[in-house]
Structure formats: C-alpha cells, structure tokens
Amino acid sequence: HIQKIVSIDPAPQAKFVFFTIGALVAFKRSVTITASYVTDSGAPRIASCTIELPLTLFCTPCAPSKTSHYKITLDTNKPPLPLVELFPDFVEGDEAPANAIGFHFQSNVQVTLLASKNSQRYRLQSD
C-alpha cells in the first residue's frame, strides 16, 4: 500500500506501533524500517533506520527461580554489572534486584539471570 505523506516540515515524521501476536518467541529485538520517497524535485530517495525494541515487549518481570533444570554459566574477566543497570526496564520504583532477575516470556517460559556476588560470573537458568 503506497501512501503519500505531505508535510511543510522539512523532516516529516511517521509513528509506528509494535506489538506481539500470540506466544511466539522473538529471535532478535532489532527492527529495520525502510521508506522510499520522491523529493519535490522528483529524485527518488530511500531512508532506513534500525531500532531496538524494548525487552518488555517480549517478556515481563517475574520472581527469579531458585532451582532449574537447565543452566548456563558465563565466566567474564570483569566483575558482573548490577542487573539494575543491565535491565532498567525491569525495575519498578526504588525496587532494585540484588543479584537475580526473572523474565517471563510470552511463550510461557521463565528464565532467571543471576549475577555472582563473589566471582566474575553470570548464570542463566530455566526449566
């Protein structure tokens, strides 16, 4: 569907709404938007922009799980960052998770991320 956008603003803007359908698992959060247009002088142009969708579009915060069947440990060469810095969208008000945060995905999968207090490790776990 082609639609003509007429604007007196030198940089016209378009608003987009993103949402998920059903319990599908997204394999990436980035979206590329491409628009083709013709300038007033008749020259064809293409504009493209890549954005990262918020993680909260795909999952919601939940209580971290203490035990899980599947675990992946990531060793790093630096101390773990505070999880509140890595996932600011998952902290409400002054509530700051100490070293664990839970994600409940729309596919009904729960994942817990733990940051070690004493070593340079992160652990992802899920059932």
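Phe19 is exposed, with a relative accessible area of 60%. The model is predicted. Phe19 sits in the segment before strand 1, which spans 30–38. Together with Val17 and Ile21, Phe19 forms a nonpolar patch on the surface.

Thr112 is a buried residue, at 0% relative accessibility. Thr112 belongs to strand 6, residues 110–115. The side chain of Thr112 reaches the backbone nitrogen of Ser65, at 2.8 Å. Ser65 is also among the residues that Thr112 touches, leaving out those up to four places away in sequence.

The accessibility values compare as follows.

| Residue | Relative accessibility | Class |
|---|---|---|
| Phe19 | 60% | exposed |
| Phe103 | 5% | buried |
| Thr112 | 0% | buried |

Next come the aromatic rings. The structure holds one aromatic pair. Its members are Phe87 and Phe103, arranged edge-to-face. The ring centres are 5.0 Å apart, and the angle between the planes is 65°. That angle counts as edge-to-face because it is over 60 degrees.

Where do the two partners lie? Phe87 is in the loop between helix 1 (83–86) and strand 5 (100–105), while Phe103 is in strand 5, so the pair ties together parts that are 16 residues apart in sequence. Phe103 is buried, because 5% is its relative accessibility and the limit for buried is under 20%.

Conventions:
Residues are numbered from 1 along each chain as its sequence is written. This is a predicted model: local features need pLDDT of at least 70, side-chain atom pairs count only at pLDDT 80 or more; totals for chains, interfaces and linings use all residues. Side-chain values use heavy atoms; hydrogens and water are left out. Patches are made of residues with over 30% relative accessible area and no salt bridge: like charges are joined within 9 Å, nonpolar side chains (Val, Leu, Ile, Met, Phe, Trp, Tyr) within 5 Å. Accessible areas come from the Shrake-Rupley method with a 1.4 Å probe; for residues, only the protein chains shown count as cover. A salt bridge is a side-chain nitrogen of Lys or Arg within 4 Å of a carboxyl oxygen of Asp or Glu. Helices (H or I, at least four residues) and strands (E, at least two) are DSSP runs, numbered from the N terminus. Buried means under 20% relative accessible area, exposed over 50%, partly exposed in between (1.4 Å probe, protein chains only). A polar contact is a pair of N or O atoms within 3.5 Å; within protein, one must be able to donate a hydrogen and the other to accept it, and residues adjacent in sequence count only if both atoms are side-chain atoms. Contact means heavy atoms within 4.5 Å. Rings of Phe, Tyr and Trp (its six-membered ring) pair if their centres lie within 6.5 Å; planes under 30 degrees apart count as stacked, over 60 as edge-to-face and the rest as tilted.
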